[in-house]
Amino acid sequence: MNNVCEEQVFSSIFKANSKTVFNYIYYKFGNEEKAHDAVQEAFVKLWENCAKVLPEKAKSYLYTVASNTYLNVIKAEKVRLKYAKPSLEISNESPEFLLVEKEYQQKLDNALNNLPENQRTTFLLNRIDGKKYAEIAEMEGVSVKAIEKRMHLALKALREQIDGI
């Protein structure tokens, strides 16, 4: 096994690890559909970064990427739930206000979903988790300038998609 970019090597890594990575994610988080998605994303990222990953490191790479992918999904869901809960509580607001608020939340959710993954991750890590650009850059393995650019593009896209921001 020389290079993960070789189709036979990649195929053998897939055959040897896809089921165990799926089981790991499924057992850890308990959602079959999202576990399949996370495993698929992990193998896509492995293929995209095949020149950088040694065959003996591929298994741990897959586990890490699949787990991180799933955690990002959970973070996004927590954000949605956090902002959905207040609208479920009894409110003294008028029905018109509540309707506008619900529509705005839907626009925000759709706009966040439409962002490319790297921009969405950067935006949520910064604005929801309070991470600094340098911390995000270290997590993502890119420069601070790249994170600044992602954040700029994310904010620009959100402004374009949502009136009133």
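How far apart do the end C-alpha atoms of residues 106–158 lie, and how much of the span is helix? They lie 13 Å apart, and the span is 81% helix and 0% strand. Keep in mind that this is a predicted model: local features need pLDDT of at least 70, side-chain atom pairs count only at pLDDT 80 or more, and totals for chains, interfaces and linings use all residues. Residues are numbered from 1 along each chain as its sequence is written, and side-chain values use heavy atoms, with hydrogens and water left out.

**The overall picture**

- The chain has seven helices and zero strands, where helices (H or I, at least four residues) and strands (E, at least two) are DSSP runs numbered from the N terminus.
- Reading from the N terminus, you get α-α-α-α-α-α-α.
- The chain's radius of gyration is 19 Å, well over the 15 Å that the globule rule gives for 165 residues, so the chain is more spread out than a compact globule. That radius is taken over C-alpha atoms, and the rule is 2.2 Å times the number of residues to the power 0.38.
- Along the principal axes, the C-alpha atoms fill a box of roughly 65 × 35 × 25 Å.
- Of the 165 residues, 31% are buried (buried means under 20% relative accessible area, exposed over 50%, partly exposed in between, with a 1.4 Å probe and protein chains only).

**Domains and the record**

- An unreviewed UniProt entry lists residues 106–158 as "domain: RNA polymerase sigma factor 70 region 4 type". UniProt positions are given in the numbering used here, feature names are shortened, and annotations may be inferred rather than shown by experiment.

**Zooming in on Met151**

- You'll find Met151 in helix H7 (residues 144–161).
- Met151 has a relative accessible area of 1%, so it counts as buried.
- Leaving out residues up to four places away in sequence, Met151 touches Thr122, Phe123, Asn126, Arg127 and Tyr133 (contact means heavy atoms within 4.5 Å).
- Met151 and Asn118 are 33 residues apart along the chain, and their C-alpha atoms are separated by 9.3 Å.

**Aromatic pairs**

- Searching the whole structure turns up five aromatic pairs. Rings of Phe, Tyr and Trp (its six-membered ring) pair if their centres lie within 6.5 Å; planes under 30 degrees apart count as stacked, over 60 as edge-to-face and the rest as tilted.
- One of them joins Phe14 and Phe43: the ring centres are 4.8 Å apart and the planes at 65 degrees, so this pair is edge-to-face.
- Phe14 sits in helix H1 (residues 7–29) and Phe43 in helix H2 (residues 32–48), so the pair links distant parts of the chain, 29 residues apart.
- Which of these two is buried, and which is partly exposed? Phe43 is buried at 5% relative accessible area, while Phe14 is partly exposed at 39%.
- Tyr24 and Tyr63 also pair edge-to-face, with 5.1 Å centre to centre and 75 degrees between the planes.
- Tyr24 lies in helix H1 and Tyr63 in helix H3 (residues 58–88), so their pair ties together parts that are 39 residues apart in sequence.
- Tyr24 counts as partly exposed, at 33% relative accessibility.
- Ring pairs also link Phe10, Phe14, Phe43 and Trp47 into a cluster.
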